[in-house]
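Hi,

Here is the structure I said I would pass on. Have a look at it first, and then read my notes below.

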Amino acid sequence: MTVADMDRIAEVTKYVGGTSKGIDPSIPTAEGVVHGLRAVLKRALGTDSFAGAQFALQGLGAVGWGVAERLHAQGARLIVADVREERVKLAVAAFDARAVPCNDIHAVDCDIFVPCALGGVISEATVPDLKAKAVAGSANNQLASAEAGAALAERKILFAPDYVINAGGIISGILGAAALPGRETPHAPSLDQAIEAIHDRLLGIFDHADAYNVAPEIAAERMAREMIGR
């Protein structure tokens, strides 16, 4: 689904966010992922500083590049992979990153594996290869199956549910739509506040997971369904 698609939908209804009249959703998505990564660092490594931490980024599209840019600016060390060789070369030059083949990126020695490409990368076959302490990125549907999530939990590898950490783009669309003339929402948070809240929301999910001895993705779904029910 692209911005052009949303513009086409907006030709027949005003109830649309994420159009070209608003912000590029990849920007708040990347910002939200970085706020989420700080929460993951705090829980998995006991620090909220990116300096010196090592991240393996799979995918250097609009969001993945934005995440890499922000992590590099805060002193993180990057390992990168992308199917487009030119993007990898740019990242190596811009971020002093180390490049590895796409098939190997999930298995490199790092602090956090950051999937920002296709879904299903965390499977029962790939979990044994992981050397990261956590998996947290912008890709949708990162877990190939419920069993893959259970395998992560069994290995005590922290997982940040994808639809929580990558929510920045949809949050910007919702807030943008809510600000349209005649649809203003009183007391709505600013976009920055809403994006920053991803950090605390993830910590809340991790707390719930620990309290009930369940995987984070199970905790996230329970909490989401409770919110919808209210």
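Which residue in β2 is the bridge partner of Ala-56? It is Ile-79.

Before the rest, some ground rules. This is a predicted model, so to speak of local features we need pLDDT of at least 70, and side-chain atom pairs count only at pLDDT 80 or more, while totals for chains, interfaces and linings use all residues. Residues are numbered from 1 along each chain as its sequence is written, and side-chain values use heavy atoms, with hydrogens and water left out.

**The sheet**

Six strands make an open, parallel sheet, in the order β3-β2-β1-β4-β5-β6. Strands here are DSSP runs of E with at least two residues, helices are runs of H or I with at least four, and both are numbered from the N terminus. Two strands pair if DSSP finds at least two bridges between them. At the edges stand β3 (98-99) and β6 (158-159); each has a single partner strand, so one side of each lacks a neighbour in the sheet.

Strand β1 (residues 54-58) pairs with β2 (residues 77-81) in the parallel sense, over five bridges. Strand β4 (residues 112-115) also runs parallel to β1, joined to it by four bridges. Leu-57 sits opposite Val-114 in β4, and Gln-58 has Pro-115 of β4 as its bridge partner. From β4 the sheet carries on to β5 (residues 134-135) with two bridges, again parallel; there, Ile-112 is partnered by Ala-134.

How much of β1 is buried? Five of its five residues are, so the strand is largely enclosed by the rest of the structure. (Buried means under 20% relative accessible area, exposed over 50%, and partly exposed in between, using a 1.4 Å probe and protein chains only.) Gln-54, Ala-56 and Gln-58 cover one face of β1, with Phe-55 and Leu-57 on the other, and all of them are buried. In β4, Ile-112 and Val-114 point one way, Phe-113 and Pro-115 the other, and all are buried.

**The cores**

A nonpolar core is a set of buried Ala, Val, Leu, Ile, Met, Phe, Trp, Tyr and Cys residues joined through side-chain atoms within 4.5 Å. The largest one has 46 residues, and Leu-37, Phe-55 and Leu-78 have the most contacts inside it. Helix α8 (residues 191-212) gives the most to this core, eight residues. There is also a second, separate core of 19 residues, including Ala-81 and Leu-143.

Leaving out residues up to four places away in sequence, Leu-78 touches Phe-55, Leu-57, Ala-68, Leu-71, His-72, Phe-95, Ala-97 and Arg-98. Contact means heavy atoms within 4.5 Å.

**Two helices**

The expected span of a helix is 1.5 Å times one less than its number of residues. For α8, with 22 residues, that gives 32 Å, and its end C-alpha atoms are 32 Å apart, which agrees. The helix bends by about 30° at Ile-198, the bend being the angle between axes fitted to the seven residues ending there and the seven starting there. Among the buried residues of α8 are Ile-195, Ile-198, Leu-202 and Phe-206. An α-helix has 3.6 residues a turn, so residues three or four places apart point the same way. After α8 comes Asn-213, with a positive phi near 55°.

Helix α2 has 20 residues and reaches 27 Å from its first C-alpha to its last, close to the expected 28 Å. Its buried residues include Val-33, Leu-37 and Val-40. Just after α2, Gly-46 has a positive phi of about 75°.

**Two threonines**

Thr-29 belongs to helix α2 and counts as buried because its relative accessibility is 9%. Its side chain reaches the backbone oxygen of Pro-25 at 2.7 Å and the backbone nitrogen of Gly-169 at 2.9 Å. Both fall under polar contacts: pairs of N or O atoms within 3.5 Å, where within protein one must be able to donate a hydrogen and the other to accept it, and residues adjacent in sequence count only if both atoms are side-chain atoms. Beyond its neighbours within four places in sequence, Thr-29 is in contact with Val-63, Asn-166, Gly-168 and Gly-169.

Thr-13 lies in the loop between α1 (3-9) and α2 (26-45). At a relative accessible area of 28%, Thr-13 is partly exposed. A polar atom of the Thr-13 side chain lies 3.2 Å from the backbone nitrogen of Tyr-15.

Cheers
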